[in-house]
Amino acid sequence: MDSLGRCRVLVMSVLMAAGAASAVLAAEPTVEDKAKQVWRLLDYVAVDYGGAIANGAVLKASEYAEMQEFAATAERQLAELPSGASGASLQAQAARLRQAVADKADPAAVAQLAHALAGAVLKAYPFPITPAQVPDLRRGAQLFQAQCAACHGAQGHGDGPAAASLDPK
């Protein structure tokens with residue numbers, strides 16, 4: 001085989017490898033992946049909704065819009081999961097949560113609904129919620145300094161040099 005032939009074989013090999021890699025990267029998320037995402041959305045709503053609503057009034061429109069989006073996304077993504085025995089119950093809970101957010105319900109009530117639904121999701125689609133191994137705290141500190149400290153500050157108090165320009169704070 002001449003050098004041009006070897007080059008063509010090499011190029012074809014690279015293209016085939018790239019195609020295989022893109023197929024792996026484009027793989028459909030698993031049921032576990034989808035359930036985890038719903039669980040995380042619900043946790044976010046439970047924790048952050050109180051920063052968007054107080055006494056039935058919107059405190060920050062962008063935060064409230066995010067809570068509405070996350071509640072609706074969780075409901076939609078739950079409908080995309082295999083239904084199983086608890087499917088109807090999960091859908092009903094998700095609808096109640098979405099409606100509570102739409103009604104600007106009390107943050108404690110929304111947190112309770114979101115946490116209860118997150119627990120039901122975990123029960124219906126079990127997945128690990130803790131790391132498989134103890135995190136490397138030194139590596140975490142390095143990552144925090146490199147990726148987070150600019151906004152969150154060296155000690156995590158939200159006083160980093162970039163914090164003043166953030167909206168919301």
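1. Basis. Residues are numbered from 1 along each chain as its sequence is written, and side-chain values use heavy atoms, with hydrogens and water left out. The model is predicted: local features need pLDDT of at least 70 and side-chain atom pairs count only at pLDDT 80 or more, whereas totals for chains, interfaces and linings use all residues.

2. Confidence. The protein chain has a mean pLDDT (the predictor's confidence in each residue, from 0 to 100) of 86, and 84% of its residues reach 70 or more. The pLDDT is below 50 over residues 2–15, a stretch with two contacts (heavy atoms within 4.5 Å) beyond near neighbours in sequence. Where pLDDT is low, the predicted coordinates should not be read in detail.

3. Buried residues (under 20% relative accessible area, 1.4 Å probe, protein chains only; exposed is over 50%, partly exposed in between) in H5 are Val 110, Ala 111, Ala 114, Leu 117, Ala 118 and Val 121. Exposed Ala 108, Gln 112 and Lys 123 are on the face turned away from the buried side.

4. Thr 73. This residue of helix H3 counts as buried because its relative accessibility is 16%. The Thr 73 side chain reaches the backbone oxygen of Glu 69 at 2.8 Å.

Terms used:
Helices (H or I, at least four residues) and strands (E, at least two) are DSSP runs, numbered from the N terminus. A polar contact is a pair of N or O atoms within 3.5 Å; within protein, one must be able to donate a hydrogen and the other to accept it, and residues adjacent in sequence count only if both atoms are side-chain atoms.
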